[in-house]
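Dear colleague,

Please find the structure below. My notes on it follow.

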Amino acid sequence: MNAAAININIPEERQSLLDRFIEWRVKHISDNQFVLVLAFVVGFLAAVAAYVLHWLIHQIQILLVSGFAVDRLNWLFLVFPIVGIWLTSLFIKYIVKDNISHGITRVLYAISTKQSRLKAHNCWSSVIASAITIGFGGSVGAEAPIVLTGSAIGSRLGQIFHLDNKTMMLLVGCGATAAIAGIFKAPIAGLVFTLEVLMVDLTMGSLLPIMISSVTATCFSSLFTGDASLFVFHMDGAWELDRVPAVILLGIFCGFLGLYFMRVMTWCESGFAKLSNHPYIKLLAGGLVLSTLIFFFPSLYGEGYNSLAYFIGGKTPADWGHVMQGSMFAGNSDLLIVYVGLVMMTKVFATSATNGAGGCGGTFAPSLFIGGFGGFFFSRFWNMYQIGVYIPEKNFTLYGMAGVMAAVMHAPLTGIFLIAELTGGYQLFIPLIIVAISAYLTISIFEKHSIYAIRLAHEGKLITHHTDKSVLTLMSLDSLIDKDYTAVHPDMEMGELVHAISRSRTSYIPVLDDAKHLLGEIDITKIRHVIFRTELYHRFRVSQLMTPPAAILHVNDNAEEVMKKFEKTNAQMLPVLDENECLKGYITRTHIYSTYRQIVADMSEE
């Protein structure tokens with residue numbers, strides 16, 4: 001990208017100052033040293049963004065629901081979520097004027113394509129939009145917007161200082177790491193999140209800047225909000241081996257719970273996508289679903305971490321019963337497990353309705369929420385019916401959070417370290433590992449992609465650790481098309497065809513009608529026995545000599561489909577048609593394979 005394109009929004013006087021700084025930096029600071037400085041800056045700014053977002057959410061919620069009754073239903077729950085989504089939609093439509101949903105998916109695609117260019121507004125737009133959505137009750141998480149914000153900060157710094165794509169990819173990873181570390185004060189979880197969920201390839205040279213961003217964000221978050229963990233947890237008794245069967249079963253349960261979450265989420269997103277041309281109908285449908293669910297189950301309001309705190313910090317049914325405050329279940333401790341089960345199953349609908357109706361938020365917090373409720377539900381049910389040895393509900397709430405996160409994100413290490421760092425419960429490492437592995441292995445049988453990658457996989461844009469698929473995804477079909485061809489008409493006599501062959505650079509001549517629709521092609525190798533017989537020049541026409549192509553490609557075909565057609569037909573050239581079925585050009589077998597080898601070589605060098 002040229003300097004003018006990169007700095008299009010920078011005034012001329014600032015531009016000259018920036019150019020002088022870049023020139024000075026190149027002379028006095030090495031690239032590696034400068035990346036470390038930028039990693040520190042990214043970590044600081046990501047921590048600031050995380051603090052601002054949570055402060056905004058907290059202030060909005062204090063303003064709206066701080067005086068709500070805890071022993072009866074609150075009718076305003078039917079109003080606030082719809083208003084929040086409507087305000088978010090207006091903000092996105094008239095101020096942002098761009099799609100900012102699926103934040104982590106956007107970061108994943110930016111990194112995996114090695115472009116790593118995110119738009120400038122992503123540095124702030126997701127913070128404001130998600131604060132409005134979540135503050136008014138949207139049942140989503142703030143993590144994905146902050147990951148997008150942190151990554152966008154890294155991307156913009158890379159663009160401003162004219163850094164190459166590989167360095168910008170690293171800075172985007174630093175931003176994502178800092179975002180997770182800053183939100184949860186969990187530096188190791190931030191690091192492994194980037195390793196497991198975002199980064200396609202990571203070298204030892206990349207670890208240092210990522211660790212600097214992670215630690216910087218954690219330190220400044222602690223400075224802003226104190227050293228306390230998100231959840232207050234005191235372990236009751238040491239880990240015992242006789243609980244292993246229950247932990248394994250919980251892991252399997254979390255795997256299926258994660259699969260349910262992903263499948264329902266995908267189904268709901270598809271349903272709301274069909275209403276994309278009717279924004280007010282979409283707002284009404286999603287808003288009504290969300291507000292109704294929150295009205296009956298107030299635990300679904302916002303991120304839901306306060307509800308999880310009752311399970312993690314409580315010891316008795318009276319402590320856990322606070323989770324039912326403001327609902328029709330309030331005061332009925334006998335119905336606790338029913339309430340928990342219903343909330344666990346309906347959370348995904350509340351999350352889907354929030355985003356589907358036009359809200360802004362992620363699925364990070366919902367996966368933790370469902371996992372926590374699932375872990376408590378499993379352990380409470382186990383203990384009530386005395387299925388086996390007693391298992392502590394608070395511990396299994398944490399195990400469930402790690403299990404569902406590992407399943408939904410296909411990131412067992414992230415789930416393990418995040419829960420351990422969130423609670424300071426490092427004594428629970430063994431059961432956390434067992435649950436995360438069991439959940440991951442269970443969901444892997446049915447779904448091979450994470451909730452973030454599955455959207456890209458459906459679009460054929462996912463870059464994976466599978467080198468062959470990664471290379472094919474990175475190949476641009478349009479750049480492979482040879483548009484310099486010599487075409488003939490079906491009514492043309494053979495004598496004119498010979499003159500056209502003499503002008504052609506290839507052995508295949510396309511036969512087109514007046515609208516440039518492909519009717520067939522002339523394979524010179526198949527008519528060699530007649531093209532030199534001049535007495536036949538007026539006897540045969542092109543329509544009599546043409547043959548159908550071995551296969552037809554379309555401009556929307558991905559490189560993997562193109563390669564399969566070449567392998568199946570063993571053709572040397574194949575025609576490419578546009579959306580109107582008109583010939584756009586040809587792709588040669590030699591060109592596509594040479595491009596494939598070049599991309600493999602480039603990836604190997606990196």
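**A helix pair and a strand**

Helix α11 (residues 244–273) packs against helix α16 (residues 364–384) at an angle of about 140°, and their axes are 10 Å apart. Here axes are lines fitted to C-alpha atoms, for helices over the stretch in contact, with angles running from 0 to 180 degrees between N-to-C directions. The model is predicted: local features need pLDDT of at least 70 and side-chain atom pairs pLDDT 80 or more, while totals for chains, interfaces and linings use all residues. Residues are numbered from 1 along each chain as its sequence is written, and side-chain values use heavy atoms, leaving out hydrogens and water.

Helices (H or I, at least four residues) and strands (E, at least two) are DSSP runs, numbered from the N terminus. In contact (heavy atoms within 4.5 Å) are A246, L249, L250, F253, L257 and F261 of α11 with P366, I370, G374, G375, F377, F378 and W382 of α16. By class, this contact has eleven nonpolar, two polar and no charged residues; Ala, Val, Leu, Ile, Met, Phe, Trp, Tyr, Cys and Pro count as nonpolar, Asp, Glu, Lys and Arg as charged, and the others, Gly among them, as polar.

Turning to strand β4 (residues 573–577), five of its five residues are buried, so β4 is largely enclosed by the rest of the structure. Buried means under 20% relative accessible area, exposed over 50%, and partly exposed in between (1.4 Å probe, protein chains only). M573, P575 and L577 lie on one side of β4, and L574 and V576 on the other.

Strands pair if DSSP finds at least two bridges between them. β4 pairs with strand β3 (residues 553–554) in the parallel sense over two bridges, with H554 opposite L577. Five bridges join β4 to the antiparallel strand β5 (residues 583–588), where Y586 is the bridge partner of P575.

Yours sincerely
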